[in-house]
Amino acid sequence: MESEKLCKLVESIFPQKRILTNLADRYSYSFDASFGEYLPDLVVQPENKEEIASLIKVANEYKIPVYPRGAATSLSGGSLAVKGGIVLDMSQFKKHLVIDRENLLAIVSPSVITGDIHKQAEAAGLFYPPDPSSSHVSTIGGNLLENSSGPKGLKYGTTKEYVIGLEVVTPTGEIIRTGGKTVKNVTGYDLTRLIVGSEGTLGIVTEATLRLIPKPQARKTLLASFDRLIDSGHAITNILSAGILPSAMELMDNACIRAVENYTPSRLPVDAEAIIIVEIDGHEAAIEEEIKRCEEICFKQHATEVKVAQDEASRASIWKARKMVSPAITQMGPTKISEDATVPRSEIPKMMERLHAIRDKYQLNLVVFGHAGDGNLHPNIITDKRNFEEMKRVEEAVSEIFEAAVELGGTLSGEHGIGTLKAPYMEMELGPDGLMMMKKIKEAWDPNGILNPGKIFPQPGQTKVALL
């Protein structure tokens, strides 16, 4: 459709000040935190659900692609306008955040920053466990649609366990509600769970009802250093097999450690091949015993040093170092390819070996960190997209990373979503029939294919990610 005609259609719904058409603005929305750039035809900024519903109805009539976009922290290309069309910038959507202490709920609009939910819940003595590393900047709408959870998924489960109700604009422009305010709700199909993690392909969330839990009484954190990466993997599995369920268990390899120290000195052991961070929460007497047991297990698995945080400042320092990993490794090169292949916990040592073999085979700057307690590893390849020869090696390495994860009984994604970067490998994990069932759901909900097209499903004949 001609841009002039498209603008006139949109102007019937949105005021001019919330329609962005100039090239500079459009380029600002052509990328996210992942790899690739796609220029939208225009950008609109809705303030309410009625504007979104009206836009979606027009988009269906004229077959115009629409891409919901939150804070653009997606690491899989979730908000990229891969087929042109309209980017729906949800940042201006009217914000509301209500903590219902009596019912242990939070009622939120999609534009609310996830970290603000944490703060307000804790102020009420409650706890919202999902905490992706980007929670201080990412919006809850994006977190829900990517089912992005963070380190506390080990003990408390993923985001989908905390979303019990949604208000959604469907891909054909209806406004529906799914679930509700009750924890128990088995009325009909579980549409709430279907939408959470659907990456904006089945609906646009305009309100969410989140389950909260009582805030843990106390917590203890330790950092253990290892000269051998495989020993850190065995420490993780041995802690879990000892009947201890930490709230979080994180892993950083040597490249991550050095990157963080170069970026913001945190007194990490730069000579260690790996470190793990273990956090225990619960009753104060119980966690004292459990953190001591974790310390013993780490030393038994040849840890060279174990530091237990003695106060909140020390604990915050440990977690700050972990949260600095992603920005730190970004400084290592102009292009960062972020993945999050996930394997069963027992296979973590084997997956680490496979990742290092892939790094050596293709001579790439590959670093590994992640939520090791639930097997959710984040292999990151630092490269330069202008180096075509190296980028071809990156393409091959990415394929082998996913093959290794699936062969070890794992999955393509633990929390980053599929987006554009993992779509070619969907059939490898699901098989042709499993993938076809997902396509049938998409076609039933979005018959004109206008909502976030080009995500999750591979292009015909596509079997590898194309980074060039």
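**Entry 1: a helix pair**

I began with helices α8 and α13, whose crossing is right-handed. For handedness I used this rule: a crossing is left-handed if the near helix is turned anticlockwise from the far one by less than a right angle, and right-handed if clockwise. Contacts in this pair come from Leu229, Ile230, Gly233, His234 and Ile236 on α8, and from Ile348, Pro349, Met352, Glu353 and His356 on α13. Contact means heavy atoms within 4.5 Å.

I then looked up the axes. Helix α8 covers residues 229-241 and helix α13 covers residues 348-362; their axes come within 8 Å and cross at roughly 155 degrees. α8 and α13 are therefore roughly antiparallel to each other. The classes are: under 35 degrees roughly parallel, over 145 roughly antiparallel, 65 to 115 roughly perpendicular, and the rest oblique. Axes are lines fitted to C-alpha atoms, for helices over the stretch in contact, and angles run from 0 to 180 degrees between N-to-C directions.

**Entry 2: ground rules**

I noted that this is a predicted model, in which local features need pLDDT of at least 70, side-chain atom pairs count only at pLDDT 80 or more, and totals for chains, interfaces and linings use all residues. Residues are numbered from 1 along each chain as its sequence is written, and side-chain values use heavy atoms, with hydrogens and water left out. Helices (H or I, at least four residues) and strands (E, at least two) are DSSP runs, numbered from the N terminus.

**Entry 3: the seven-stranded sheet**

I traced an open sheet of seven strands in the order β15-β12-β14-β13-β17-β18-β16, with antiparallel pairing. The edges are β15 and β16 (335-338), each pairing on one side only. Neighbouring strands of this sheet are turned by 20 degrees against each other on average, direction ignored. Two strands pair if DSSP finds at least two bridges between them.

Helix α11 (residues 312-323) packs on this sheet and touches β12 (218-226), β13, β14, β17 (365-371) and β18 (376-383). The direction of α11 makes about 55 degrees with that of β12.

I checked one pairing in detail. Strands β13 (residues 248-253) and β14 (residues 274-282) pair in the antiparallel sense over six bridges. Methionine 249 stands opposite valine 278 of β14.

**Entry 4: threonine 304**

I looked at one residue of strand β15 (residues 303-308), threonine 304. Is threonine 304 buried, exposed or partly exposed? Threonine 304 counts as partly exposed, because its relative accessibility is 45%. Buried means under 20% relative accessible area, exposed over 50%, and partly exposed in between (1.4 Å probe, protein chains only).

Leaving out residues up to four places away in sequence, threonine 304 touches Ser225, Phe226 and Asp227.

**Entry 5: the five-stranded sheet**

I found an open sheet of five strands in the order β5-β6-β10-β8-β9, with antiparallel pairing. Its edge strands are β5 and β9 (175-179), and each pairs on one side only. The twist averages 15 degrees from one strand to the next.

β5 and β6 pair in the antiparallel sense over four bridges. Isoleucine 99 stands opposite alanine 106 of β6.

Helix α3 (residues 49-62) lies across β8 (163-169), β9 and β10, at about 55 degrees to β8. α4 lies across β5, β6 and β10, at about 35 degrees to β5.

Which residues of helix α4 (residues 114-123) are buried? They are Thr114, Gly115, Ile117, His118 and Ala121. These cover an arc of only 155 degrees around the axis, so they sit on the same side of α4. I took the arc from the directions from the helix axis to the C-beta atoms.

The buried residues of α4 pack against β5 (97-100), β6 (105-108), β7 (126-127), α5 (140-146) and β10 (204-211). The face turned away from the buried side of α4 carries the exposed residues Lys119 and Ala123. Just after α4, glycine 125 takes a positive phi of about 80 degrees.

Most residues other than glycine have a negative phi. I noted two residues with a positive one.

Glutamine 363 has a phi near 50 degrees. Glutamine 363 lies in the loop between α13 and β17. It is exposed, with a relative accessible area of 61%.

Asparagine 452 has a positive phi of about 50 degrees. Asparagine 452 is found in the segment after α15 (426-445). It is buried, with a relative accessible area of 1%.
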